[in-house]
Amino acid sequence: MQPNTMEPKPITDLFRDLSRRTKILLLLGLVLVIAAVIVLLGMQGRKNLQAAAYDEQIRAGLESMPSLDFMTGGGLVAYNTADKRYVDQYIPDSLKPSDPADVRGVVRFSYGEVKVGTYSTGGGGAYKRTIEVSIYDAVTGSMFPGAYITIQGGDPPGTVSGPAMSNRYGSYPSESEVKNWISRKWSNLAYHRMMREAFGYGQPHSYGLGEKLVMLDGGEFTKNLLPAELAAADPTEVGAIVRYDAKYDYGPDHTGKNIIEWTDHTLAFVSLLTGEPIEGLETTLRSRPKENKIKTSWADLSTLPTWDEIEKQITRWIAETWADYQQR
């Protein structure tokens, strides 16, 4: 007995067997899909054209920019170092320039990743996504002091499934986190520029009759670590500069064997009238390093304050020392 076989129907026969109403609906659906694809392609095309136009506009503006004093403007633009293109991204609305002539800073950013572990099952790597952000002077092309950060995104999955040896990644840093850092740093840089115009870098000056302070951290004027009530809002309020320096050092622990690493925080009040440290208003405080770098043993650092604790000690020392000095 021969097996019962049935030849498959051609697709044209299947379509012919459909009712007239079903055929109309299928054709209508096909038309709608094609129309949607055309619209999406058109939108993407317009988006690419707008991005290219924005890049060209910013480039033209920067190339024709005169060597103006930086204080005359305040706008920022972003530059993707991978694409080598200026983009309308990550800049807070309040800092976007209305015209290329208003640009005074360029925010350069690039994406990366950092490995934080290896999965025990499958053997793949666990990675955090990162974004490196830095702010450059649009006039001089140099990076502003301290205007650099690497922001990490979310943690990778705690467990894995799927192909062995496959890497897993966390989320990208949020756009709001990047914008907040840019906004804070740009505000700090504006403060730095204002104080730099008044005081240079701690040189003698006719100011010095105020009762408040400004900190010079490396090459940057800042309010960081100062008691809020003593942080000067403008140069006329400044009575002295607090010069601050932090550096790593290392040596043997109490047993003379293990090598530990710590951070020394050196502070000195500087007179605006002489440009020299004020006698008796200097100190050096020691703490664990910010990233808890240790050569051998955790126990060796147990007697030193943490980074958060040392910041509070610094702020307290500044407040008490300045109060004693003003009572002399």
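With a relative accessible area of 12%, T321 is buried. This is a predicted model, and T321 sits in helix α4, which spans residues 307-326. Leaving aside residues up to four places away in sequence, T321 touches F269 and L281. Helix α4 is also where confidence in the protein is highest, at a mean pLDDT of 94, which makes it a friendly place to begin a tour.

## The overall picture

The protein has 328 residues, and buried ones make up 35% of them. Its secondary structure comes to four helices and 11 strands. If we take the contacts with a separation of 6 or more, 60% of them join residues 24 or more positions apart.

As for the surface, the protein exposes about 20,000 Å². Carbon and sulfur atoms supply 53% of that area.

Before reading any geometry, let's look at the confidence. The protein averages a pLDDT of 78, and 70% of the residues score at least 70. Helix α1, residues 11-17, has the lowest confidence given for the protein, with a mean of 55.

Two stretches call for care. Over residues 66-72 the pLDDT stays under 50, and the model has 13 contacts beyond four places in sequence for them. Over residues 292-299 the pLDDT again stays under 50, here with 10 contacts beyond four places in sequence. Where pLDDT is low, the predicted coordinates should not be read in detail.

## Salt bridges

How many salt bridges does a search of the whole structure find? The search finds six. Side chains of opposite charge can pair when their charged atoms come close. One of the pairs is D264 with R286, whose closest N and O atoms are 2.8 Å apart. This pair links distant parts of the chain, with D264 in strand β10 (residues 259-270) and R286 in strand β11 (residues 277-287), 22 residues apart. D264 is buried at 9% relative accessibility, while R286 is partly exposed at 38%.

D155 and K128 also meet through their side chains, at 3.1 Å from N to O. Because D155 lies in the loop between β5 (143-152) and β6 (168-169) and K128 in strand β4 (residues 125-137), the pair ties together parts that are 27 residues apart in sequence.

D93 is exposed, with a relative accessibility of 62%, and K96 is partly exposed, with 35%. These two residues also belong to a network of salt bridges that links D88, D93 and K96.

## Aromatic pairs

A search of the whole structure turns up 10 aromatic pairs. Among them are Y79 and Y86, whose ring centres are 4.9 Å apart; their planes stand at 55 degrees, so the pair is tilted. Both partners are shielded by the definition used here: Y79 is buried with a relative accessible area of 17%, and Y86 is buried with 11%.

The rings of Y90 and F109 have their centres 5.0 Å apart, and with planes at 80 degrees the pair is therefore edge-to-face. Since Y90 lies in the loop between β2 (85-87) and β3 (103-118) and F109 in strand β3, the pair ties together parts that are 19 residues apart in sequence. Y90 and F109 are both buried. Together with Y111 and Y172, they form one aromatic cluster.

Strand β7 (residues 212-217) and strand β8 (residues 220-222) run antiparallel and are joined by three bridges.

Which residue takes a positive phi in the hairpin of β7 and β8? G218 does, with a phi near 65 degrees, in a hairpin that has two residues between its strands.

Definitions and conventions
Residues are numbered from 1 along each chain as its sequence is written. Side-chain values use heavy atoms; hydrogens and water are left out. A salt bridge is a side-chain nitrogen of Lys or Arg within 4 Å of a carboxyl oxygen of Asp or Glu. Buried means under 20% relative accessible area, exposed over 50%, partly exposed in between (1.4 Å probe, protein chains only). Two strands pair if DSSP finds at least two bridges between them. Contact means heavy atoms within 4.5 Å. Accessible areas come from the Shrake-Rupley method with a 1.4 Å probe; for residues, only the protein chains shown count as cover. pLDDT is the predictor's confidence in each residue, from 0 to 100. Rings of Phe, Tyr and Trp (its six-membered ring) pair if their centres lie within 6.5 Å; planes under 30 degrees apart count as stacked, over 60 as edge-to-face and the rest as tilted.
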